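Biologist: Please put the structure up, and then I will ask about it one point at a time.

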Amino acid sequence: MRYQFLGKSNLAVSSIGLGCVTFGREIDEAAAYTIMDRALEAGITLFDTAEVYGGNPGRSEEIIGRWLAGRRTRPQIVLATKVRPPLGRERIIASAEASLRRLQVEVIDLFQMHAWDNQTPLDETLEALELLAQQGKVRHVGFSNCAAWQLCKALWYQERAGWGRLESVQPPYNLVVRDIERELLPLCADQQVSVLAYSPLGSGFLTGKYRPGGEILKGTRMEIVPGTIPSYFHDAGFRIVDGLRRKAEQIGAPIPALALAWVMAEPRVTSVLIGARSAAQIDQALQADALGISAELRAELSAL
Ligand SMILES: NC(=O)c1ccc[n+]([C@@H]2O[C@H](COP(=O)([O-])OP(=O)(O)OC[C@H]3O[C@@H](n4cnc5c(N)ncnc54)[C@H](OP(=O)(O)O)[C@@H]3O)[C@@H](O)[C@H]2O)c1
């Protein structure tokens, strides 16, 4: 595992992050404990959750909180969570305090806006985040699902006000969804903002388990969150999976490992947030990390 500082901060995060969206939804508490144990053992220290994760909102955070509280010594986990819009002052503060209670910690390492909020003035949102940092309830702040101009505007407001800055963004990034390459990745590199890439396997699509016109397996992510389907189930998506399958056979690597390795090989990505419903899927991510891919192979896959 490699570690890098988050943005310009002195907080180190692991190059693979554990996404905890499945906890309390696809998988129960015992399975989540097995996954967290396995991740920690492998050196994965960044755990990403959100107030809304877990089937019932808050369950994912509660499970992580109980797992942490039940350990004899507190592991050095970097806890990242998120607040959903609307992002008004009262709501942001109440959300952070509720997350602290569920996670059973004194401070959240990374508190992220889950998405842009059109309704609340940006300076009100950023001022509330700054207040939480000054009160010692959050260490750093980040922004998920933002456009480059939104991040740029927020950084500018924060600098003008003399507040702490957004140290990270959390966008989707995989072989099918690559929008961030145009504006967000160059901006983050220029401003030294970390990129925590989510859905590196396209929520399971890039494992090769779906076929055009085929059935969506019961209990899988695509069945549980059907809103994800239109982003992947199209001609270009299936063409990419075909090419990935051919390449994986040629080099003798599993398809998911190759898809993950492609995301991991992007130097402007600080951490790749993997989703898993079993410890075996964590092992597959580690295998991808070990696989590494050359610039030539990455370019070949990009061309798909
Ligand atoms: N900020 C946001 O808006 C946002 C949105 C989404 C995710 N995230 C974060 O990013 C994390 C990762 O996202 P993600 O879960 O979408 O990541 P992902 O790695 O693209 O998808 C994970 C899913 O793929 C399937 N899978 C994984 N490994 C597999 C394998 N070896 N073989 C077959 N299927 C496999 C599993 O689902 P099935 O077995 O059910 O198919 C697994 O739950 C989340 O946990 C969350 O922390 C953030």
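Modeller: On a 1 Å grid over the protein atoms alone, a cavity is a set of points where a 1.4 Å probe fits but cannot get out; its volume is the space filled by probe spheres set on the points, which are joined across faces, edges and corners. The model is predicted, so local features need pLDDT of at least 70 and side-chain atom pairs pLDDT 80 or more, while totals for chains, interfaces and linings use all residues. Residues are numbered from 1 along each chain as its sequence is written, and side-chain values use heavy atoms, without hydrogens and water.

Biologist: What volume does the largest cavity have?

Modeller: One cavity of 30 Å³ or more is counted. The volume of the largest cavity is about 40 Å³.

Biologist: Which residues line the largest cavity?

Modeller: A lining residue has an atom within 4 Å of a grid point. By class the lining has five nonpolar, two polar and one charged residues (nonpolar: Ala, Val, Leu, Ile, Met, Phe, Trp, Tyr, Cys, Pro; charged: Asp, Glu, Lys, Arg; polar: the others, Gly among them). The residues are L87, M113, W116, D117, T120, L122, T125 and F143.

Biologist: Which element gives the most to the lining of the largest pocket?

Modeller: A pocket is an open set of points with protein on both sides within 12 Å along at least five of seven lines. The largest one has a volume of about 1,100 Å³ and 45 lining residues, with V21, R25, S199, S203 and R221 nearest its centre. Elements giving two or more residues to that lining include α10 (255-264) and β10 (DSSP runs numbered from the N terminus: helices H or I of at least four residues, strands E of at least two). The most, three residues, come from α11.

Biologist: Where does the ligand sit?

Modeller: A molecule sits in a pocket if more than half of its atoms lie within 2 Å of the grid points. By that rule, the ligand's place is the largest pocket.

Biologist: How many residues surround the ligand?

Modeller: A residue counts if one of its heavy atoms lies within 4 Å. The closest are D48, S199, K209, R277 and Q284, and both β10 (271-274) and α11 (279-291) supply at least two residues of the shell. By class there are nine nonpolar, 15 polar and five charged residues. The number surrounding the ligand is 29.

Biologist: What distance separates a polar side-chain atom of Q284 from a nitrogen atom of the ligand?

Modeller: A polar contact is a pair of N or O atoms within 3.5 Å. In the side chain of Y53, an N or O atom is 3.4 Å from a ligand nitrogen; for S199, the distance to a ligand oxygen is 2.7 Å. For Q284 and a ligand nitrogen, the distance is 2.3 Å.

Biologist: Which residue does a cis peptide bond join to P85?

Modeller: Omega of this bond is about 5 degrees.

Methods
Polar contact = N/O pair within 3.5 Å; in protein donor to acceptor, adjacent residues only side chain to side chain.
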